[in-house]
Amino acid sequence: MGMLKRFLAADLGNVLAVCDVNEGSHGYKEPDHFYGRLPAKALVEKSNTAKSKSGSPAKCDAYADFRDVFRRDDIDALVIVVPDHWHKVVTVMALEAGKDVYCEKPLTFSVADGREMIDAVRKGNRILQTGSHERSNPISQFVCEAAKAGKIGQLTKIITKVGYNNKVGPGPGWTAMPVPSNLDYQTWLGPAPDQPYHQDRCLYRFRFNYDYSGGQITNFGAHCNDMAHWGMGLDVGGPTEVECLDAKFLPDGSLFNTATETRFRCKYANGVELICESGEEQVQTRFEGTDGWLQTGYRGTTASNLELLVGLPEPATGTSDPHTSHMANFIDCVKSRNEPRAPVEVGHSSAVLCHIANAMIRMFPETGPGRIAKWDASAEAFTGDDQANKMLAREQRDPFA
C-alpha cells in the first residue's frame, strides 16, 4: 500500500487491477494499517475519481488469484510485493505472460531461484526492476559512486549494518489460531510447508520465519549489502569466502526462527573485506579506504573529511523520494526498453550474498565460529562443501496442487 500510494501520487501510470489473497484486514505492519485487495481497490478508485474530468473515472478490478491478472492483455506491467517465498513463481509466470515486472527485494528466496528469473527476463526480452530503491537515492548514488571512483583511495574494508528484529513473535508453546475468513491462507502458504495458521506468521511478520524469508539479512541486508557491491564496482559477482562470526536465535519452538543478531565476514578477490553486523541502524554502509572513509544510511551520511561530502545532494522528498523515483525509473524503462537501475542480474547478485551468509548463519549453532566456506561466484556454488551447497536451493511444494 505504501508503494501504491506513491505510484498514484506521482501519477506514474493507470492502475487497472490490484491482487491480494487478503481481502482486507487491520495490522499489516502496525495495528492501524487496514490493507488488502479491497482497501487497495478503494484507494485507486478514490484517486481516479479525484483526477477524472469526465465524471466517469476508470475502475480498478480486485483479484484474489494473480493468474487472473496475467490473462489481461491491457496490463503491461506488474509491481510484485508478495512474500519472498512467492517471488520466483509469480515473477517467472508474469514474465512468461509477456509482462514487465517490478519485484521487491530481496529478488529471490534462494540462490537457485535467481537463475530461473534471469533466464525468463532475457528469453522474453522483458524489463525487470529489483526493488533496491537505494539505487534511486541521490545520496546513496553519491556515496557509492565516490567509493567506486577511488575518492577514498583504494577500498580496503566495508562495514554494513542491519537492524535488529523490529517485531516480536510468540515463543515456544504457541498455539494455532483460526484462519480469518478474509484470508486465503492455503494460497498464502503456496510453495511453503503446510503449517498451522497464526497471525504472526503472515503479513509483515513473514520475514522472521525461514519458511518465507531470510530475516533481517535479506530484509535490510538486501539494501546495505547491495550498496557494498555497488561501491566496490561489483554489480555482478560475489565474494571468494564467507564466514559467520556470531549469531543469536530465539528459543527452539518460537514462531520466529530467523537469527535475531548476526555478524558475518566476506572476503573478495580484490582483497576487500566485508563485515555485516546487527545494530541499531536499520540500514548503513561504510566504505573504508587508504585515504579516508564514507558512510551512509537511514541515520545520515558522514565522512572522515568534510571535503568528501562536497556536492552531497539534499534528501529527496515528495514524489522525488527514492521509492517513487525507483518506480518511475521502472516505468520509463517499460516505455524505452532500456535497462533499469537495478536489473535482474544486480538483484540476483545482491540476494546471493545474503543467501550464502544465511547458509553460514543457520549452521552456526552447530558449527560455531571458525567455519570458513569458499564460494565460487561464477559457478554459484560452495567449493567442496556439500553441507552448505544443500542450502542453495529451497525445497518447495507445488503451489497450485
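Residues are numbered from 1 along each chain as its sequence is written. Because the model is predicted, local features need pLDDT of at least 70 and side-chain atom pairs count only at pLDDT 80 or more, while totals for chains, interfaces and linings use all residues, and side-chain values use heavy atoms, with hydrogens and water left out.

**Backbone stops**

Start by selecting D11, which sits in the loop between helix 1 (2-9) and strand 1 (17-19); helices (H or I, at least four residues) and strands (E, at least two) are DSSP runs numbered from the N terminus. D11 is not a glycine, yet its phi is positive, at about 50°. D11 counts as exposed because its relative accessibility is 52%, where buried means under 20% relative accessible area, exposed over 50% and partly exposed in between (1.4 Å probe, protein chains only).

Next, select K105 and P106, which are joined by a cis peptide bond with an omega of about -15°. P106 belongs to the loop between strand 6 (100-103) and helix 5 (111-124).

Then move to E380, in the loop between strand 15 (372-376) and strand 16 (381-382), where another residue other than glycine has a positive phi, near 55°. As background to these stops, most residues other than glycine have a negative phi, and most peptide bonds are trans.

**The loop at G253**

Select G253, placed in the loop between strand 9 (241-248) and strand 10 (261-267). G253 counts as partly exposed because its relative accessibility is 44%. If neighbours within four places in sequence are set aside, G253 is in contact (heavy atoms within 4.5 Å) with G171, P172, G173 and W174.

**The largest cavity**

The largest cavity has a volume of about 170 Å³, a volume being the space filled by probe spheres set on the points. To find the largest cavity, select F109, H355, N358, R362 and R394, which lie nearest its centre among the 17 residues that line it. Helix 11 (residues 344-367) gives the most to this lining, with four residues.

Key: On a 1 Å grid over the protein atoms alone, a cavity is a set of points where a 1.4 Å probe fits but cannot get out, and a pocket is an open set with protein on both sides within 12 Å along at least five of seven lines; lining residues have an atom within 4 Å of a point.
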